[in-house]
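Have the sequence and the model open side by side.

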Amino acid sequence: MWLRSTALAVPLLAALGTAGLTACGEANDGRQVNIAVSGDEVTVSGSKITTPTTAAQAVADAQVASAPAAADVAVNDHPAPPDPAPDAAAPGHISLNRLTGNVDPAKDATFAKIPEKYIGGQRTWGQKDAVEAFGRMAEAAAVNGYQLKIVSAFRSFDDQKKIWEDKWTGATLVEKGKLPKTIPDPNKRAKKILEYSSMPGTSRHHWGTDFDLNSLDNKYFNTKDGKRIYDWLVQHAGEFGFCQPYSAKGEGGRASGYEEEKWHWSYKPVASWYLKQYPDDVGYERLKGFLGAETAVGLDVIPNYVQAINPECK
Ligand SMILES: [Zn+2]
């Protein structure tokens with residue numbers, strides 16, 4: 001199925017329900033990103049991300065088929081990134097406002113606008129070093145025929161509050177239902193939302209260091225094209241400073257925290273500093289001002305979610 005317009009994509013998403021199409025909250029936020037996935041195409045906010053199924057892919061496939069090392073050669077030929085953001089190695093004390101998303105990126109010199117060609121959604125800001133590193137990674141991916149698009153980037157406390165509360169109140173359906181009806185118990189309701197969406201004040205998207213790429217649906221990354229992109233990221237993202245914080249859970253994986261998100265990639269040279277400082281500076285008294293905030297303490301969201309990430313990202 002090909003969908004080109006937001007108007008068409010929205011009812012499709014509603015029809016599909018939200019079980020697999022959420023995460024980071026964005027997919028369930030009607031004013032944010034509308035994504036439809038078909039075998040070979042992802043539509044984001046009405047703009048098309050075409051994964052390389054045609055000429056570029058054919059070339060890349062041919063390269064890979066005829067010379068298995070082609071992808072590696074191409075990447076290694078790419079100018080090596082500078083030592084990951086040397087100025088990020090010691091950012092100094094990160095303010096509480098930065099840790100919890102109370103910043104205006106347009107007025108903050110550590111943020112930069114994401115170049116238009118990489119944008120696949122409505123979020124357009126990231127930490128300067130992260131944006132530059134992403135550009136290097138995206139160009140290397142493009143050499144291999146893989147198009148990386150950022151469908152979500154920096155989100156403020158208020159952005160996250162809207163995402164969270166829309167799920168909390170039932171304005172955004174979760175697994176086809178309105179949570180106040182399907183899960184009246186506040187703690188259980190919060191846990192359901194926490195499968196894929198952070199409480200305001202606890203999102204890595206507040207930091208501007210983390211980007212959601214191409215699709216907010218794990219199923220997409222199991223399609224032929226999505227899997228190729230994911231496999232490329234797993235193999236090469238680290239060369240550019242990126243890692244997948246929400247890696248697989250269960251045996252051999254993380255024991256707690258958000259569900260796996262194959263689209264969410266973090267620029268570790270900056271994000272790791274935010275993560276280190278977060279539990280020292282942010283207390284539960286700070287996680288207030290949104291519906292359901294009273295559940296934060298009982299669920300102990302700081303160790304159980306904020307810190308419960310892939311050890312490789314720490
Ligand atoms: Zn995310």
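## A tyrosine in helix H10

The model discussed here is predicted. Start with Tyr 274, which sits in helix H10, residues 268–281. Is Tyr 274 buried or exposed? Tyr 274 is buried, because 21 other C-beta atoms lie within 10 Å and the cut-off for burial is 20 or more.

Which residues does Tyr 274 touch, once those up to four places away in sequence are set aside? They are Ile 94, Leu 99, Trp 207 and Thr 209. Thr 209 is 65 residues from Tyr 274 in sequence. In space, their C-alpha atoms are 9.2 Å apart.

## The nonpolar core

Tyr 274 is also among the residues with the most contacts inside the largest nonpolar core. That core has 59 residues. Phe 134, Met 137, Ile 150, Leu 213, Ala 237 and Phe 242 are the others listed with Tyr 274. Which helix gives the most to this core? Helix H5 does, with seven residues.

In soluble globular proteins, nonpolar side chains tend to be buried together.

## Helix H5

H5 covers residues 128–143. Its 16 residues should span 22 Å at 1.5 Å a residue, and the end C-alpha atoms are 23 Å apart, so the two values agree. Just after H5, Gly 145 adopts a positive phi of about 90 degrees.

Several H5 residues are buried, including Ala 130, Val 131, Ala 133, Phe 134 and Met 137. Lys 128 and Asp 129 are buried as well. Phe 134 is in contact with Tyr 118 and Phe 211, leaving aside neighbours within four places in sequence.

## A four-stranded sheet

An open sheet is built from four strands in the order E6-E7-E9-E8, with antiparallel pairing. Which strands lie at the edges? They are E6 (150–152) and E8 (242–243), each of which pairs on one side only.

E7 covers residues 210–213 and is joined to E6 by two bridges. Across that pairing, Ser 152 stands opposite Asp 212. E7 also pairs with E9, residues 264–267, over three bridges. There Phe 211 has Trp 265 as its bridge partner.

## The chain as a whole

The protein chain holds twelve helices and nine strands. Of its 314 residues, 47% count as buried. Among contacts with a separation of 6 or more, 77% are between residues 24 or more positions apart.

## Confidence

The mean pLDDT of the chain is 81, and 71% of the residues reach 70 or more. Where does pLDDT fall below 50? One such stretch is residues 1–23, which has 48 contacts in the model beyond near neighbours in sequence. Another is residues 84–88, with eight contacts counted that way.

Where pLDDT is low, the predicted coordinates should not be read in detail.

Definitions and conventions. Residues are numbered from 1 along each chain as its sequence is written. This is a predicted model: local features need pLDDT of at least 70, side-chain atom pairs count only at pLDDT 80 or more; totals for chains, interfaces and linings use all residues. A residue is buried if 20 or more other C-beta atoms lie within 10 Å of its own, exposed if 12 or fewer, and partly exposed in between; C-beta atoms are placed from the backbone. Two residues are in contact if their C-beta atoms, placed from the backbone, lie within 7 Å. The expected span of a helix is 1.5 Å times one less than its number of residues. pLDDT is the predictor's confidence in each residue, from 0 to 100. A nonpolar core is a set of buried Ala, Val, Leu, Ile, Met, Phe, Trp, Tyr and Cys residues joined through C-beta atoms within 7 Å. Two strands pair if DSSP finds at least two bridges between them.
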